[in-house]
Amino acid sequence: MEIPGYEIKRQIGQGGMATAYLAEQRSLGRQIVLKVLDPKARGTTETVERFLNEGRIIASLNHPHIITIYDIGQNGDDVHISMEYVAGGDLKERM
């Protein structure tokens with residue numbers, strides 16, 4: 001998978017609709033998380049729009065305990081949300 005502007009390092013998580021990858025945002029040289037909608041979930045425009053809206057809603061929030069969204073977008077069939085990387089495992093592990 002190629003998403004322009006990002007270098008994917010490895011998979012770090014998977015959920016019902018998306019896979020999370022540790023990646024580097026090349027332009028700023030920072031580690032980020034790329035959440036990519038799974039191919040089987042891209043079947044309808046409604047699902048794609050719901051995924052992108054998730055990114056828009058989170059990006060509209062400003063709180064120290066909510067991750068920062070850097071970008072949302074589509075590249076061909078790939079739909080992604082680029083977000084802040086926080087080391088220490090996923091939320092399920094931390095709870």
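Contact here means heavy atoms within 4.5 Å. Keep that in mind for the close-ups below, which come from a predicted model.

**View 1. Ala 20 and the residues it touches.**
Ala 20 is found in strand S2, the stretch from residue 18 to 25. Leaving aside residues up to four places away in sequence, Ala 20 touches Arg 10, Gln 11, Ile 12, Gly 13, Val 33, Leu 34 and Lys 35. Is Ala 20 buried or exposed? Its relative accessible area is 18%, and the cut-off for buried is under 20%, so Ala 20 counts as buried. Look for Ile 81 too: Ala 20 and Ile 81 are 61 residues apart in sequence, yet their C-alpha atoms are 9.3 Å apart in space.

**View 2. Helix H1 from end to end.**
H1 covers residues 45–59. The helix has 15 residues and reaches 21 Å from its first C-alpha to its last, close to the 21 Å expected at 1.5 Å a residue. Which residues of H1 are buried? They are Thr 47, Val 48, Phe 51, Leu 52 and Gly 55. Seen down the helix axis, these buried residues fall within an arc of 135°, so they line one face of H1. An α-helix has 3.6 residues a turn, so residues three or four places apart point the same way.

Ile 57 has a relative accessible area of 54%, and because exposed means over 50%, it counts as exposed.

Together with Leu 61 and Ile 66, Ile 57 makes a nonpolar surface patch of about 260 Å².

How many salt bridges does a search of the whole structure find? It finds six. One to zoom in on is the pair Lys 35 and Glu 54, whose closest N and O atoms are 2.6 Å apart. Lys 35 sits in strand S3 (residues 30–37) and Glu 54 in helix H1, so this pair, 19 residues apart, links distant parts of the chain. Both partners are partly exposed: Lys 35 has a relative accessible area of 23%, and Glu 54 comes in at 29%. Lys 35 is also one of the residues that Ala 20 touches.

Arg 42 lies in the loop between S3 and H1, while Asp 78 is in strand S5 (residues 78–84), so the pair ties together parts that are 36 residues apart in sequence. What about cover? Arg 42 is partly exposed at 22% relative accessibility, whereas Asp 78, at 17%, counts as buried.

Arg 56 forms a salt bridge with Glu 49, and their closest N and O atoms are 2.8 Å apart. Arg 56 is partly exposed, with a relative accessible area of 40%, and Glu 49 is partly exposed as well, at 37%. Elsewhere, Glu 7, Lys 9 and Glu 24 are linked in a network of salt bridges.

**View 3. Asp 71 and its surroundings.**
Asp 71 lies in strand S4 and is partly exposed, with 32% relative accessibility. Which residues does Asp 71 touch, not counting residues up to four places away in sequence? The answer is Tyr 6, His 80, Ile 81 and Ser 82.

Notes: Residues are numbered from 1 along each chain as its sequence is written. This is a predicted model: local features need pLDDT of at least 70, side-chain atom pairs count only at pLDDT 80 or more; totals for chains, interfaces and linings use all residues. Side-chain values use heavy atoms; hydrogens and water are left out. Helices (H or I, at least four residues) and strands (E, at least two) are DSSP runs, numbered from the N terminus. Buried means under 20% relative accessible area, exposed over 50%, partly exposed in between (1.4 Å probe, protein chains only). Patches are made of residues with over 30% relative accessible area and no salt bridge: like charges are joined within 9 Å, nonpolar side chains (Val, Leu, Ile, Met, Phe, Trp, Tyr) within 5 Å. Accessible areas come from the Shrake-Rupley method with a 1.4 Å probe; for residues, only the protein chains shown count as cover. A salt bridge is a side-chain nitrogen of Lys or Arg within 4 Å of a carboxyl oxygen of Asp or Glu. The expected span of a helix is 1.5 Å times one less than its number of residues. The arc is that of the directions from the helix axis to the C-beta atoms.
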